[in-house]
Amino acid sequence: MPATPKVTRFELELLRQLWNLGPASVREVQESLPEKNRPAYTTVQTMIYRLEEKKAVRRVKKIGNAHIFEAVVSRAAAQRRLIDDLLGFFGGRIQPVVAHLIDAGKLTLEDVQDAEKTLRTLAEKRKRR
């Protein structure tokens with residue numbers, strides 16, 4: 001499986017639009033962005049082409065002069081890459097991230113209980129191997 005490309009915040013926003021829209025033209029992607037501070041068509045086009053070079057999107061067909069693009073990278077793969085990059089920033093340590101989430105009120109007891117359940121399930125699967 002090829003490595004998930006590193007994407008910028010704006011490229012991630014364009015991928016989000018493609019995940020939501022499905023296959024779409026540059027114009028459709030550009031028009032799906034929030035009207036306030038919407039980037040120019042040519043800006044979106046340039047960024048879509050960069051995503052294509054990174055193999056994060058691909059052209060699937062052409063309708064008239066418009067190329068139709070679709071995301072190659074899944075939402076889950078992009079999220080995994082972002083989390084791996086974030087943890088890399090902290091030397092692979094999760095504790096500073098968890099501490100921040102707790103301080104910011106973004107980690108609930110329910111989240112911790114869900115994580116414990118997932119860890120137990122994973123441990124059971126590993127025991128059976």
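## Close-up views of a predicted model

View 1. A search of the whole structure for aromatic pairs finds two of them. In one, the ring centres of Tyr-49 and Phe-69 are 6.2 Å apart and the ring planes stand at 50 degrees, so the pair is tilted. Because Tyr-49 belongs to helix H3 (residues 41–53) and Phe-69 to strand E3 (residues 66–71), the pair ties together parts that are 20 residues apart in sequence. Tyr-49 itself counts as partly exposed, with a relative accessibility of 29%.

**View 2. The edge-to-face pair of Phe-89 and Phe-90.** The rings of Phe-89 and Phe-90 have centres 5.2 Å apart, and their planes meet at 90 degrees, so this pair is edge-to-face. Phe-89 is exposed, with a relative accessible area of 68%, whereas Phe-90 is partly exposed at 30%.

View 3. The antiparallel pairing of E1 with E3 runs over two bridges, and Ser-25 has Ile-68 of E3 as its bridge partner.

**View 4. The largest nonpolar core, with Leu-15 as one of its members.** This core has 20 residues, and those with the most contacts inside it are Leu-14, Leu-15, Val-29, Val-44, Ile-48, Leu-51 and Val-57. Helix H1 (9–21), H2, H3 and H4 each supply at least two residues of the core, and H1 gives the most, with five residues. When neighbours within four places in sequence are left aside, Leu-15 is in contact with Val-7, Leu-51, Ala-56, Val-57 and Ala-71; Leu-51 and Val-57 are also listed among the core residues with the most contacts.

View 5. Gln-30 is found in helix H2 (residues 26–32) and is buried, with a relative accessible area of 9%. The side chain of Gln-30 reaches the backbone oxygen of Pro-39 at 3.0 Å. Not counting residues up to four places away in sequence, Gln-30 touches Arg-38, Pro-39, Ala-40, Tyr-41 and Val-44.

View 6. Arg-81 lies in helix H4 (residues 75–89) and counts as partly exposed, at 24% relative accessibility. Apart from its neighbours within four places in sequence, Arg-81 is in contact with Thr-4, Pro-5 and Lys-6. Leu-33, by comparison, is 48 residues from Arg-81 in sequence and 23 Å from Arg-81 in space, taken from C-alpha to C-alpha.

Definitions and conventions:
Residues numbered from 1 in each chain as written. Predicted model: local features only at pLDDT ≥ 70, side-chain atom pairs only at ≥ 80, totals over all residues. Heavy atoms only, no water. Helix = DSSP H or I, 4+ residues; strand = E, 2+ residues; numbered from the N terminus. Buried < 20%, exposed > 50% of the residue type's maximum accessible area, 1.4 Å probe, protein only. Contact = heavy atoms within 4.5 Å. Phe/Tyr/Trp six-rings, centres within 6.5 Å; stacked < 30°, edge-to-face > 60°. Polar contact = N/O pair within 3.5 Å; in protein donor to acceptor, adjacent residues only side chain to side chain. Core = buried A, V, L, I, M, F, W, Y, C linked by side-chain atoms within 4.5 Å. Pairing = 2+ DSSP bridges.
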